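User: I am new to this structure and would like a short tour. Please show it, and then take my questions one at a time.

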2 protein chains.
Amino acid sequence: MNQAYPPHPALPEALADALSHRFGNRFAASQAVRDLHGRDESVHPAAAPDAVIFAESTEDVAETVRLCREHGIPVIPFGAGSSVEGHFLAIRGGICIDLTRMDRVVAIHAEDLDATVQPGVTRKQLNAELHDTGLFFPIDPGADATLGGMAATRASGTNAVRYGTMRENVLGMTVVLADGRIIRTGGRAKKSSAGYDLTRLFIGSEGTLGIITELTVKLYPVPEAISSAVCAFPSVDAAVDAVIQTIQLGVPVARIELLDALTIAAVNRYSKTTLKEAPTLFFEFHGSPSGVEEQATLVQELAASHGGMDFEWATRPEDRNRLWQARHDAYFACLQLKPGSRAFPTDVCVPISRLAECIRATNEDIARSTIPIPLFGHVGDGNFHLVVLIDPANPQEVAEAERINHAVVERALAMEGTCTGEHGVGIGKQKFLVAEHGEGAVDVMRALKQALDPDNLLNPGKILP
Amino acid sequence: MNQAYPPHPALPEALADALSHRFGNRFAASQAVRDLHGRDESVHPAAAPDAVIFAESTEDVAETVRLCREHGIPVIPFGAGSSVEGHFLAIRGGICIDLTRMDRVVAIHAEDLDATVQPGVTRKQLNAELHDTGLFFPIDPGADATLGGMAATRASGTNAVRYGTMRENVLGMTVVLADGRIIRTGGRAKKSSAGYDLTRLFIGSEGTLGIITELTVKLYPVPEAISSAVCAFPSVDAAVDAVIQTIQLGVPVARIELLDALTIAAVNRYSKTTLKEAPTLFFEFHGSPSGVEEQATLVQELAASHGGMDFEWATRPEDRNRLWQARHDAYFACLQLKPGSRAFPTDVCVPISRLAECIRATNEDIARSTIPIPLFGHVGDGNFHLVVLIDPANPQEVAEAERINHAVVERALAMEGTCTGEHGVGIGKQKFLVAEHGEGAVDVMRALKQALDPDNLLNPGKILP
């Protein structure tokens, strides 16, 4: 099954025995379990690990890392499995550490607006457990990802325009290092200048520098008033111009999302909505009742001045949830545009002043392609996705998707943007790392990897080209 | 003059010649210039560098680093000189790179809400240059520090409660590495998950991992309405309780500062204000006119419920500026409480729920001391300072200040806080680093230092114990 990747040594019997002895039936080497842990949402060929450990504690993770290290075998952390960049594919074999059983909310410090969780807690689960506190955790990448996975990939999503990404929302972590040592980074103070920022070093490191086994995240008071709206525009350009002006005026929108006409068509079909099939912005406003009204009025005026029509409001929680569920399902809705297809997603992010130009040129790429390519994204941050719908068995389509991705990334980099706003590097974005950061910066990343994982056993083959 | 620190080898003549040849009169080895670069605002004994280079470009910095490296001589970056933790004291000798001539605002991207600056640009200078753009840079540590120095120490200050610290406000940097290579970190996209977060690694690294020679910082629209106020309270406890409630309710205050009665007395004398000599909160609100009014009304009610009296408002810019100038001068005002004294500042930061308890216990330390010790700080973040006023020539007073600092730090760490919220580690806080982070995390910091500066030539003897 792993023929797409170079061959790698088999799992040493002694290691299998040691893990089996230590973990009993929480050590699994059946083909079914391995396959489940070797396939993500991406187009990258599957690559099953040699076995899976279902960890239940930091000590379980540390012990697994120590045993694997003795045998020179890779370890790969696994969360919700919702990666779109091949993050946890076992391309060099090894042991997958499934963290989903570490799903306990360890502590909610409502008075300090933070919560400490195990890495397998998902964002929806945390918000459910926060239900009676008047607080919420805002980062929302769409998928019900685990917080450990979200930290490891520096995830963000729809609310980032107001609340930031995982980079800004983790106060501290427990991390298992490559030699099995357990460290704590950060703390619970809101700010600190006490030494190197290890927390931010592990955030976005995709399991290549350490394995996150606990994290403390920031919480926010549930806004007194929340209001959502959709608004159709005569063109993508007009919609993007309305976004740019909103951001430049400093309106503290909580969400501002673009869906192009093709995406809206897909959403209507998939989610049984009746949205006008035109480029559309989804908004959400958070604040006091008068603050929300003030923001909404201003944004409505801005939208109208760019031809925005028919602001449709959703203020009741069930209407808002329906709206945002439809937005979150856009990815799956798009997949239905071409039954049997897989999504090859792009993920560029550019300075907001270049966004209109970037999307305009990208739409020319789309127009020239024979593949259906919906476009949507977190435009308030300058971040948007194409979902290039391909048959992975069709080499022409794969090549076409690669070509489009290259073109979009090169354009974003020329605009001082990034090849990946929120999906991470994984396997797919490695080839752009030097173009984005330069050889020198990538060399520094290599030096950090060498310093913290000299045997290259933590999720090898990811991030660094 | 450097007898307080271990002796170090003299400047090799060949290096002095090479630097002099390369930099002409921008190489200075006179005692006066060296002394000016070997003394900060702290109580740490002065330690002059062997010579000073006045850099005017990234290439100047890189060339200096390369030449020093050839001779195994330390390099120490220098900004405004406003450190209170001995950051740039040349305790092992070496070459000081004065960056203050790199004071050009390279680009203002008003439409993207960011600016790229050289490291010697000060925050006031940047805000002056932003004057006609409708934008401002919020981070405000009081001193008119350079942005390079602020990034290197992960500075924050009065506005951090709303706008975050330097950690959240730098998008990317140019950095000279220990071997003289020049790298770029980050970029201009608002978010990215493209590899390890080198930007955050260098922020707060105090010149020990690389020298920042350019940085791109976030800007914010000047709020439509700004309103400041002062309010006296019957006790520090009452004032702190009002702060805690304000934060827990999620009121987006821009500034919320505590000054105790002794600090107010000092301020009145120094700044010719006539504030009531009682524990006092200074507030600032940013937003739309109605938003500011809403926040102000709510906070006034909260304050009143804790005995807050006589909200005095300042809405005209000149009145606000006078108020905040008085706040910023508090440090110097305090020094005048004991003429000829030096300040030994503490800088703990704790989770907000522990703030009242932490300050209460600290006030008992203060009450037991014979030294005058004003207390003030950025209480919205859980961060406060003592200014222990000592005669550095009096060993009893130095010991007493050390004792109080120890007690305050131990208390903060027991409350899951930090030994330094914003001043940095420098020399003074090294002894607390293991207690705060644990041996393992400090070992990781050492591994990072070893990876990026194997010869220990970048600001040696700082941060790591």
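This is a predicted model: local features need pLDDT of at least 70, side-chain atom pairs count only at pLDDT 80 or more; totals for chains, interfaces and linings use all residues.

User: Which helix of chain A gives the largest share of the side that touches chain B?

Analyst: Residues are in contact if their C-beta atoms, placed from the backbone, lie within 7 Å. By that rule 74 residues of chain A and 74 residues of chain B take part. Elements of chain A that each supply at least two residues include strand 9 (182-186), helix 11 (289-305) and helix 16 (433-452); helices (H or I, at least four residues) and strands (E, at least two) are DSSP runs, numbered from the N terminus. The largest share, 13 residues, comes from helix 16 of chain A.

User: How many residues on the side of chain A that touches chain B are charged?

Analyst: Ala, Val, Leu, Ile, Met, Phe, Trp, Tyr, Cys and Pro count as nonpolar, Asp, Glu, Lys and Arg as charged, and the others, Gly among them, as polar. This side has 27 nonpolar and 29 polar residues. The charged ones number 18.

User: What distance separates the centres of domain 2 and domain 3 of chain A?

Analyst: The bounds come from an automatic or database domain assignment. It gives domain 1 (13-98), domain 2 (105-221) and domain 3 (225-414) in chain A. In domain 2 of chain A, 7 residues are in contact with 12 residues of domain 3 of chain A. Taken over C-alpha atoms, the centres of these two domains are separated by 27 Å.

User: At what angle do helix 9 and helix 11 of chain A pack?

Analyst: Ala242(A), Gln245(A) and Thr246(A) of helix 9 meet Val299(A), Leu302(A) and Ala303(A) of helix 11. Axes are lines fitted to C-alpha atoms, for helices over the stretch in contact, and angles run from 0 to 180 degrees between N-to-C directions. The axes of helix 9 (residues 236-248) and helix 11 of chain A lie 9 Å apart, and the angle is about 145°.

User: What is the strand order of the open sheet in chain B?

Analyst: Strands pair if DSSP finds at least two bridges between them. Strand 1 (residues 27-28) runs antiparallel to strand 2 (residues 51-54) of chain B, while strand 2 pairs with strand 4 (residues 95-98) of chain B in the parallel sense. Strand 3 and strand 4 of chain B are also parallel, over 4 bridges. The pairing is mixed, and the order is 1-2-4-3.

User: Which helix of chain B packs on the sheet by touching strand 2, strand 3 and strand 4?

Analyst: Strand 1 and strand 3 (75-78) of chain B are the edge strands. Helix 1 (residues 13-23) of chain B touches strand 1 and strand 2 of chain B. Strand 2, strand 3 and strand 4 of chain B are touched by a helix whose direction makes about 175° with that of strand 4: helix 3 (residues 58-71) of chain B.

Technical notes
Residues are numbered from 1 along each chain as its sequence is written. Chains are lettered from A and ligands numbered from 1 in the order in which they are written. Two residues are in contact if their C-beta atoms, placed from the backbone, lie within 7 Å.
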